[in-house]
Amino acid sequence: MDVEEEQDAAEEEEAADAPSAGAPAPADPVWTAAEEAAHARMAEALLFAASEPLDEDAIAERLPAGADVRGILESLSSQYENRGVNLRKVAGKWRFVTSSDVAHVLERERVEPRKLSRAALETLAIIAYHQPCTRADIEDVRGVAVSKGSLDQLLEIGWVRMRGRRRDAPGRPVLYGTTPAFLEHFGLDSVSDLPGMADLKAAGLLDARLPPGFSVPMPSDAGDDEDMSDEGGDEAEFVTDFQAGDGEQ
């Protein structure tokens with residue numbers, strides 16, 4: 001057999017293997033009602049067990065070849081429309097979500113204790129014993145700048161409040177003092193019940209050998225230098241009072 005005959009034979013073989021132009025495409029599989037219900041259950045199980053939303057291709061990989069994935073998902077979505085969970089398509093993927101009208105039954109409220117930072121505790125102690133005092137007073141006792149976060153945290157908790165402005169200081173800085181909530185939390189009738197030097201020494205909170213002249217101030221619920229008519233102040237001035245603070249120390 002010469003070269004031309006070999007080429008003719010190869011062309012005839014390729015023509016025989018190729019589908020004819022008029023041949024119909026393979027038909028989609030025909031599923032019974034029971035098979036379609038089984039496919040729906042498979043897809044439902046996949047969606048419930050998935051830890052993240054699934055796209056149609058991911059679901060199709062797990063179902064029998066030729067399963068109508070889109071039709072199954074649309075049918076499931078309709079079935080779950082008025083139930084406690086709904087099947088929703090989000091960003092091209094499908095997932096079960098809690099129905100919005102019953103979401104409130106899943107909410108739980110609990111109180112989580114918040115631990116104060118060391119800087120906030122020191123700031124609270126200074127305010128309690130030196131009140132009413134300004135931010136500059138606190139910095140003078142601590143020896144470092146008071147961060148905005150420490151005072152903000154104490155104000156948010158409700159243990160510290162603004163008590164007006166000091167009239168005899170430049171800029172009339174904001175005065176701070178403790179609140180009834182502070183007394184309730186620490187079991188005090190008034191700030192005068194705060195432990196004195198002897199109590200602090202007995203509790204081991206003070207060194208037995210204190211420097212000469214050291215004393216524990218006697219706190220007061222009110223001060224002669226308060227301007228209560230200005231209590232609350234202007235919010236912009238309050239914010240400005242904090243802006244000079246450095247980071248948490």
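The following dialogue reads selected features of a predicted model.

Visitor: How many helices and strands does the chain contain, and what percentage of its residues is buried?

Guide: The chain of this predicted model holds 10 helices and 5 strands. Of its 249 residues, 28% are buried. The accessible surface comes to about 16,700 Å², and carbon and sulfur atoms account for 50% of that area. Among contacts with a separation of 6 or more, 57% join residues 24 or more positions apart.

Visitor: By what quantities is the packing of two helices described?

Guide: A packed pair of helices is characterised by the angle between the two axes and by the distance between them. In this structure, helix H5 (residues 118-130) packs on helix H7 (residues 148-157) at about 65°, and their axes lie 9 Å apart. Angles of 65 to 115 degrees count as roughly perpendicular, and H5 and H7 are therefore roughly perpendicular to each other. The crossing of H5 past H7 is right-handed.

Visitor: Which residues make the contact between H5 and H7?

Guide: H5 contributes Ala 119, Ala 120, Thr 123, Leu 124 and Ile 127, while H7 contributes Ser 150, Leu 151, Gln 153 and Leu 154.

Visitor: Where do the side chains point in a regular strand?

Guide: Along a regular strand, side chains alternate between the two faces of the sheet. As for the pairing in this model, 3 strands form an open, antiparallel sheet in the order S3-S5-S4. Strand S3 (133-134) and strand S4 (160-165) are the edges, each pairing on one side only. S4 and strand S5 (residues 174-178) are linked in the antiparallel sense by 4 bridges. Within that pairing, Arg 161 has Gly 177 of S5 as its bridge partner.

Visitor: How many bridges join strand S1 to strand S2?

Guide: Strand S1 (residues 85-90) and strand S2 (residues 93-98) run antiparallel and are joined by 6 bridges. Arg 88 stands opposite Arg 95 of S2. The hairpin of S1 and S2 has 2 residues between the strands, and Ala 91 there adopts a positive phi near 55°.

Visitor: Is Glu 56 buried or exposed?

Guide: Burial is judged by relative accessible area, and a residue under 20% is buried. Glu 56, a residue of helix H3 (residues 56-62), has 17% relative accessibility and therefore counts as buried.

Visitor: With which residues is Glu 56 in contact, leaving aside neighbours within four places in sequence?

Guide: With those neighbours set aside, Glu 56 is in contact with Val 69, Arg 70, Leu 73, Lys 89 and Trp 94.

Note on methods
Residues are numbered from 1 along each chain as its sequence is written. This is a predicted model: local features need pLDDT of at least 70, side-chain atom pairs count only at pLDDT 80 or more; totals for chains, interfaces and linings use all residues. Side-chain values use heavy atoms; hydrogens and water are left out. Buried means under 20% relative accessible area, exposed over 50%, partly exposed in between (1.4 Å probe, protein chains only). Contact means heavy atoms within 4.5 Å. Accessible areas come from the Shrake-Rupley method with a 1.4 Å probe; for residues, only the protein chains shown count as cover. Two strands pair if DSSP finds at least two bridges between them. Axes are lines fitted to C-alpha atoms, for helices over the stretch in contact, and angles run from 0 to 180 degrees between N-to-C directions. Angles under 35 degrees count as roughly parallel, over 145 as roughly antiparallel, 65 to 115 as roughly perpendicular and the rest as oblique. A crossing is left-handed if the near helix is turned anticlockwise from the far one by less than a right angle, and right-handed if clockwise.
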